[in-house]
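Trainee: Could you walk me through this one slowly, please?

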Amino acid sequence: MKTRWNKSHYKIKSNFLYVKLSIFVLLCVTILLMYLNQYNAIYNIGYICLNISGVFYFAGRYYFVKKNLDKNDLELTDYSKRIFRIHRVILWLYFIMVCISNAAFLYCIYRGFYNIKVWIWYAVLLPALYSDSAYLSGITAFGEQKYASGEYIIEYSDINKICELKNRNTIQGNIVFISLWKGNMEFGYDKLFIDEYHKLRLLVYQNRRNKE
């Protein structure tokens, strides 16, 4: 089994994909302009644009996931509730730090100091980036017909087979690596705590029986 760092991945199209592409294009254009305009005010303005782009991306990801949970009436597991709250706090701290850093950049422009080091942007960005990948992408929520794994929403009716690949003990508990199949095709994989894994199997089985 190959090592998979992300919590889950499914072959499902997401509406948030277009937002990701837009942010990526904006970042590329911003970095190019910064490179072409080093040692002047445009360079610092580029930092402000990078920070604002990060806010839009992480806030958009959070509300996209939250909207999915509310829309499909999904309930987070106890562990997911905790990390979801932690992520929300980190997002607010990130927003405050962006405001502070942007104010500092504007002050530097006013004072004529343009050589802002790139590590300042990374110092602000990295905690939010980690929280997004480790906490927001790590949530699991269950409903009557569907369940959520990070930003993905999967219908129980799409799952014909669940294959247990590997078990691993962690500080939080025992984690099960699984692959999910629809017909003869694997359409995703996931990492679930043992209680989440058993609940998923039960809900898939109940959904299948209700259809028969």
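Mentor: Let us begin with two residues: D190 is buried, and so is K7, where buried means under 20% relative accessible area, exposed means over 50%, and partly exposed lies in between, using a 1.4 Å probe and protein chains only. Please keep in mind that this is a predicted model, in which local features need pLDDT of at least 70 and side-chain atom pairs count only at pLDDT 80 or more, while totals for chains, interfaces and linings use all residues. Residues are numbered from 1 along each chain as its sequence is written, and side-chain values use heavy atoms, with hydrogens and water left out.

Trainee: OK, and what does D190 form with K7?

Mentor: D190 and K7 form a salt bridge, in which the closest N and O atoms are 3.0 Å apart. D190 lies in strand β8 (residues 185-193) and K7 in the segment before β1 (8-10), so this pair ties together parts that are 183 residues apart in sequence. A salt bridge here is a side-chain nitrogen of Lys or Arg within 4 Å of a carboxyl oxygen of Asp or Glu, and strands (E, at least two residues), like helices (H or I, at least four), are DSSP runs numbered from the N terminus.

Trainee: And L192, where does that sit?

Mentor: L192 also has its place in strand β8, and L192 counts as buried because its relative accessible area is 0%. The C-alpha atoms of L192 and K7 are separated by 8.4 Å, although these two residues are 185 residues apart along the chain.

Trainee: How many salt bridges does the count come to?

Mentor: By that rule there are 6 salt bridges. One of them joins K66 and D70, whose closest N and O atoms are 3.2 Å apart, and both residues lie in helix α2, 4 residues from each other, which is about one turn of the helix. K66 is partly exposed, because its relative accessibility is 30%.

Trainee: Which residue does K182 meet in a salt bridge?

Mentor: The partner of K182 is D158, with 3.4 Å from N to O. This pair links distant parts of the chain, since K182 belongs to strand β7 (residues 174-182) and D158 to the loop between β5 (152-155) and β6 (161-169), 24 residues apart. Both count as partly exposed, because K182 has a relative accessibility of 45% and D158 has a relative accessible area of 24%.

Trainee: New topic: how many aromatic pairs does the structure hold?

Mentor: It holds 11 aromatic pairs. F58 and Y94 make up an edge-to-face pair, with 5.6 Å from centre to centre and 90° between the planes. F58 lies in helix α2 and Y94 in helix α3, so the pair ties together parts that are 36 residues apart in sequence.

Trainee: Buried or exposed, that F58?

Mentor: F58 is buried, because its relative accessible area is 2%, and Y94 is buried as well, because its value is 5%. Elsewhere, the rings of Y62 and Y63 have their centres 5.1 Å apart and their planes at 80°, so that pair is edge-to-face too. Y62 counts as buried because it has 5% relative accessibility, whereas Y63 counts as exposed because it has 53%. The rule is that rings of Phe, Tyr and Trp (its six-membered ring) pair if their centres lie within 6.5 Å, with planes under 30 degrees apart called stacked, over 60 edge-to-face and the rest tilted.

Trainee: Which residues form one aromatic cluster?

Mentor: Y10, Y152 and F187 do.

Trainee: Back to helix α2, how many residues does it have?

Mentor: Helix α2 (residues 41-71) has 31 residues, and the 44 Å from its first C-alpha to its last is close to the expected 45 Å, a span found as 1.5 Å times one less than the number of residues. Just after α2, D73 takes a positive phi of about 55°.

Trainee: And how many helices and strands are in the chain?

Mentor: There are 5 helices and 8 strands, and from the N terminus on the elements run β-α-α-β-α-α-β-β-β-β-β-β-α. The C-alpha atoms fill a box of roughly 70 × 35 × 30 Å along the principal axes, and 41% of the 212 residues count as buried.
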